[in-house]
Amino acid sequence: MDFELTEEQQAIRDEVRRFAENEVAPVATELDEEESYPYDVMDEAAKMGLTGAHIPVEYGGAGYTPFEMALITEELFAVDPGIGLCITSAAFGADSIMANGTEEQKEKYLEPIANGEAVMGAAISEPDVGSDVSSVSTAAEKDGDEWVINGNKMWITNGSVGDYFVVMCKTDDTDDRYSGFSQILVESDRDGFTAEKITGKMGIRASDTAELIFDDVRVPEENLIGTEGAGFLQLMQFFDETRTMVAAQGLGIAKGACERALDYAQEREQFDRPISEFQAIQHKLAEMHTRTEAARQLTYKSAWSVENEGEQLTALASMAKEFASATAVEVANEAVQIHGGAGFVNDFDVERLYRDAKITQIYEGTTEIQKNIVARELLGKGF
């Protein structure tokens, strides 16, 4: 088993980190305070090929593998999770188009994301629907050669800045809990479409989140992605990868917290010596770095399994997501503790990392859902 990154992977990781330090870090605190979307940073990220990093080369993307995407995510989130999410989420929903879309849809919707001309999103959650995707009530009815969509979507990343969205809709009433759903592309400039930005979030405040309202929104029938009625199954096939990427987010946050805590402990003096010389601080640092490395190995294995279609992927992805997100919260907490009072204000990045960490335990399936999935996999087919 080879644990070394290739030269190309090391180059990707190092270049992304340099980009984050040069372009993201200088504006991270300001955009967090203002809850402002990083338009200028996004322009630079597009030039780097980061806004559509996993989109195939033939559609203008960089064609990075899931493992390489995990490396990119880790480094961006180690510097700032809010802006990191803006960059990595610019292509939310693209996987559905890549896997199930027509050639026309791929050319029309993927290329603008890759070159930075557009941002997209995936509209799944609703005011009363979070973990239970099969309870989605936003409805799309056929009227001639158009779909007419009505309903609300909630907590949608890129909601008020996105140019188009992959919307999960109920298109047919059926007794089968998992049938009758379809994914439909909706452009944000359609009549009847409204986005209301959500403010006051605990963390990832630079990332845009909104409620979407569909009031008799009409789109042409060719905006249907894949097979009508197969939307739920289409969506489920990507959760293993998206959960792995959230694990990479948590890993990045933990890495960033570890780095800052170590630096601060070596610089901060009490009783005429650096606090890094106190055993209590040393034990905290040791535990933080150990847990982070454990999260890294689990996340990397899950990312490798996505790329190589490992049979244990579903369990691994949920294990990685649950463990790495918990690690992010715990390590960020300890980083604040090491900073003491200084860690309680935004003069130091650990305050922001601590707030940002929590979301990794919530979106793309809560901690409790991940444990349910792991248990199901264990009981269903062993591990």
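**Salt bridges and charge in a predicted model**

Me: Does glutamate 330, at 38% relative accessibility, count as buried, partly exposed or exposed?

Reply: This is a predicted model, in which local features need pLDDT of at least 70, side-chain atom pairs count only at pLDDT 80 or more, and totals for chains, interfaces and linings use all residues. Residues are numbered from 1 along each chain as its sequence is written, and side-chain values use heavy atoms, with hydrogens and water left out. Buried means under 20% relative accessible area, exposed over 50% and partly exposed in between (1.4 Å probe, protein chains only). At 38%, glutamate 330 therefore counts as partly exposed.

Me: Which residue meets the side chain of glutamate 330 in a salt bridge?

Reply: A salt bridge is a side-chain nitrogen of Lys or Arg within 4 Å of a carboxyl oxygen of Asp or Glu. The N to O distance here is 3.0 Å, and the partner of glutamate 330 is arginine 291.

Me: How many residues apart in sequence are the parts tied together by arginine 355 and aspartate 32?

Reply: Their side chains form a salt bridge at 2.8 Å, N to O. Arginine 355 belongs to helix α12 (residues 349-357) and aspartate 32 to helix α2 (residues 28-34), so the separation of the tied parts, in residues, is 323. Helices are DSSP runs (H or I, at least four residues), numbered from the N terminus.  In sequence, then, the count is 323.

Me: How many disulfides are there?

Reply: A disulfide is a pair of cysteine sulfur atoms within 2.5 Å. By this rule, the count is zero.

How values were computed: Helix = DSSP H or I, 4+ residues; strand = E, 2+ residues; numbered from the N terminus.
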